[in-house]
Amino acid sequence: MLSGCILGWDPLHHRVDTDDTGSDTDDTGDTDDTGEEPRCPTIAIPSATITLDGMTADWDGIDPAIEDEQGDDSPSYVGDDLRALYVADGGTDLFLRIDLWESVNENFRNEDGGTEGRYRVNLPNDGPYVTLDAAVTFHETDGWVLGYTGSGTGSGLQGPEYVGVLGSVIEIGVPHAEIGNPTVLREIEALVENCCVQPWTELDIASCVTVEL
Ligand SMILES: [Ca+2]
Ligand SMILES: [Ca+2]
Ligand SMILES: [Ca+2]
Ligand SMILES: [Ca+2]
């Protein structure tokens, strides 16, 4: 069973601009504090039919929504260097793809006995699950699984059927209906974290983009 770090809400890592001014209240990026410049570029989401298998041919022609440099990860971990985040709309599903500069690390787990950590995408949005985050971890029997944190998330958005992982690629499929059909995903970020052990540590972050659905 999933427990602990996937389901545990983490206010220290919840960094959402809540006032809609574009000004950044958390000192993560906006250096001028004028409130004039949005922190993240806005894109219209591309359409694609994606199979959750970790293979990327189904993303051909889609540009990364966020790109991230190589080597800005933690020297203490492998599999934590983010390369890019892609987003696509499959009609009934929101698709996310995390690319790494190296292979995924199966020690990023959410269970006793494993090195704890996770691959996470923050998905603040205008639906009922305002502070939704999706996180992928490795499970001994189920393999790679999706979990979530966030406000009011009571749906079944949890399990291996939402994830496809191969090599350095993590694909995630989230049914729009299961997150309340939001129309905008504001200030999306991808993160790799060594979760659950205080202090929480952000190993790499790829930031950021606002996506209109
Ligand atoms: Ca695929
Ligand atoms: Ca590393
Ligand atoms: Ca990186
Ligand atoms: Ca980074």
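What share of the contacts in the protein with a separation of 6 or more comes from residues 24 or more positions apart? Good morning, everyone; the answer is 57%, where a contact means that two C-beta atoms, placed from the backbone, lie within 7 Å.

Some housekeeping. This is a predicted model, so local features need pLDDT of at least 70 and side-chain atom pairs count only at pLDDT 80 or more, while totals for chains, interfaces and linings use all residues. Residues are numbered from 1 along each chain as its sequence is written, and chains are lettered from A and ligands numbered from 1 in the order in which they are written.

On confidence, pLDDT is the predictor's own score for each residue, from 0 to 100. The protein has a mean of 83, with 76% of its residues at 70 or more. Please be careful with residues 1–32: pLDDT stays under 50 there, and the model has 53 contacts beyond four places in sequence for that stretch.

Now the layout. The protein has 11 strands and 0 helices; strands are DSSP runs of E with at least two residues, helices are runs of H or I with at least four, and both are numbered from the N terminus. Two strands pair if DSSP finds at least two bridges between them.

Let me start with the open sheet of 6 strands, whose order is β1-β11-β10-β5-β6-β7, with mixed pairing. Its edge strands are β1 (42–44) and β7 (143–149), each pairing on one side only. From one strand to the next the twist averages 25°, with axes taken as lines fitted to C-alpha atoms and angles running from 0 to 180 degrees between N-to-C directions. A hairpin of 3 residues links β6 to β7.

Is β7 enclosed or open, edge strand that it is? Largely enclosed by the rest of the structure, because 6 of its 7 residues are buried. Buried means 20 or more other C-beta atoms within 10 Å of a residue's own, exposed means 12 or fewer, and partly exposed is in between, with C-beta atoms placed from the backbone. Across the 213 residues of the protein, 38% count as buried.

The other open sheet has 5 strands in the order β2-β3-β4-β9-β8, with antiparallel pairing. Here β2 (66–67) and β8 (163–166) are at the edges with a single partner strand each, so one side of each has no neighbour in the sheet. Between β8 and β9 (residues 169–175) there are 4 bridges, antiparallel, with V165 opposite I170.

On to the core, meaning a set of buried Ala, Val, Leu, Ile, Met, Phe, Trp, Tyr and Cys residues joined through C-beta atoms within 7 Å. The largest one has 48 residues, and those touching the most other members are L85, I98, V121, A134, V163, I170 and I172. β11 gives the largest share, 6 residues. Beyond four places in sequence, the contacts of V121 include L85, I98, A134 and I172.

Last, a loop residue: F108 lies between β4 (93–100) and β5 (118–122). F108 counts as buried because it has 25 C-beta neighbours inside 10 Å. Its C-alpha atom is 5.3 Å from that of R118, 10 residues apart along the chain, and the residues F108 touches include G79, T137 and F138.
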